[in-house]
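Work through the exercises below with the sequence and the 3D structure at hand. Try each task before you read its solution.

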Amino acid sequence: MKVIAALLVIAIAITWPVSKYQLEASANKPAHYKNKVIVLMYHHIDEKESGATISPSRFGTHMKLLKENGYNVISIEQFEDFMQHKAKVPDNAVVITFDDGYESFDQYAVPILKKYNFPATHFVIGSSSDHQNVHTKHLTWDTMRKLKGEGFSFYSHTYNQHDYAPLDKKGKKKGPMLSNPIYLPDKGRVETKKEYMARVEADAQLMEKRLKEELNNTRQMLAFPYGAFSPTAKQLEKNAGVTLFFTVHPGINRPGSDEAFRLNAGTPALSGNKFLELLKKYG
């Protein structure tokens, strides 16, 4: 996902307003859709593709096709204003998101995004950035601060709930930690509802605290790990200040909801033609 090119870096506001360039670009192509927004989801970028990992060249092809086919990439902050306040967005509006906080975003995606002057958002796992306790290297807060100054943004993928955990004593049945009470080996039982709520609430509060401390975030958004959540978990995240939630359900977004659909574009199965077919499917 990338290729580096020159661009003007001045004091870029975090909200990336709709530019004259964007509107002129869309004027050259017929509108595929109006007053709607497609949100794309990516994860990891590496030369060796697999699962949710795509190559820099594949990501570069996707971005090139967005530009050539009259799609207007807007910031997630513009998208939030659209969803919650029905703010105006350009025709063929697209939001680019990444999940998990991998360093490959800075290494591979950012140069390509800069080439096309595209904003993007990354939903990061707080504990992975704090401790780097995972096999694949994650973004540091220093790197995120640098990128935020260049117009990119970072929001919550939970602090430490991005995992599957046993749901019973045998451990054969597992589920996403955010959406399920989990088995507690030290107590020999499943969490009570009160314990489950306390765990999710503490995680939500800690993650929003870290985002404010490290990045001075003023908005609060969350991508559910694995797209899984319960009404209880969602309410606890709302109590922590989260206003917009990102799922993995495919679809196109219209204003008025606090849950956003996303299209999974970060798969090796998506060639350039199939990427365009995916976009054209919605409208």
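**Exercise 1.** Is the crossing of H2 and H9 left-handed or right-handed? Then classify the packing of these helices and list the contact.

*Solution.* Note at the outset that this is a predicted model.

Step 1. The crossing of H2 and H9 is right-handed.

Step 2. Helix H2 covers residues 56-68 and helix H9 covers residues 272-280; their axes lie 10 Å apart and form an angle of about 50 degrees. An angle under 35 degrees would count as roughly parallel, and 65 to 115 as roughly perpendicular. H2 and H9 are therefore oblique to each other.

Step 3. On the H2 side, the contact is made by Thr61, His62, Leu65 and Leu66, and on the H9 side by Gly272, Phe275, Leu276 and Leu279.

Step 4. Sorted by class, the contact of H2 with H9 holds five nonpolar, three polar and no charged residues.

**Exercise 2.** At what angle do H2 and helix H4 pack? Name the class of this arrangement and the residues that meet.

*Solution.* 

Step 1. H2 packs with H4 (residues 104-115) at an angle of about 25 degrees, and the axes are 10 Å apart.

Step 2. The cut-off for roughly parallel is an angle under 35 degrees. H2 and H4 are therefore roughly parallel to each other.

Step 3. The crossing of H2 and H4 is right-handed.

Step 4. Pro56, Phe59, Gly60 and Met63 of H2 meet Tyr108, Ala109, Ile112 and Leu113 of H4. The contact of H2 with H4 divides into seven nonpolar, one polar and no charged residues.

**Exercise 3.** Which residues make the contact of H7 with H8? Begin with the geometry.

*Solution.* 

Step 1. Helix H7 (residues 193-215) and helix H8 (residues 231-239) have axes 9 Å apart and pack at an angle of about 40 degrees. That angle makes H7 oblique to H8.

Step 2. H7 and H8 cross in a right-handed way.

Step 3. H7 contributes Lys193, Tyr196, Met197, Val200, Glu201, Ala204 and Gln205, while H8 contributes Thr232, Ala233, Leu236, Glu237 and Asn239.

Step 4. By class, the contact of H7 with H8 contains six nonpolar, three polar and three charged residues.

Notes: Residues numbered from 1 in each chain as written. Predicted model: local features only at pLDDT ≥ 70, side-chain atom pairs only at ≥ 80, totals over all residues. Heavy atoms only, no water. Axes fitted to C-alpha atoms, helices over the stretch in contact; angles between N-to-C directions. Helix = DSSP H or I, 4+ residues; strand = E, 2+ residues; numbered from the N terminus. Parallel < 35°, antiparallel > 145°, perpendicular 65-115°, else oblique. Left-handed = near helix turned anticlockwise from the far one by under 90°. Contact = heavy atoms within 4.5 Å. Nonpolar A, V, L, I, M, F, W, Y, C, P; charged D, E, K, R; others polar.
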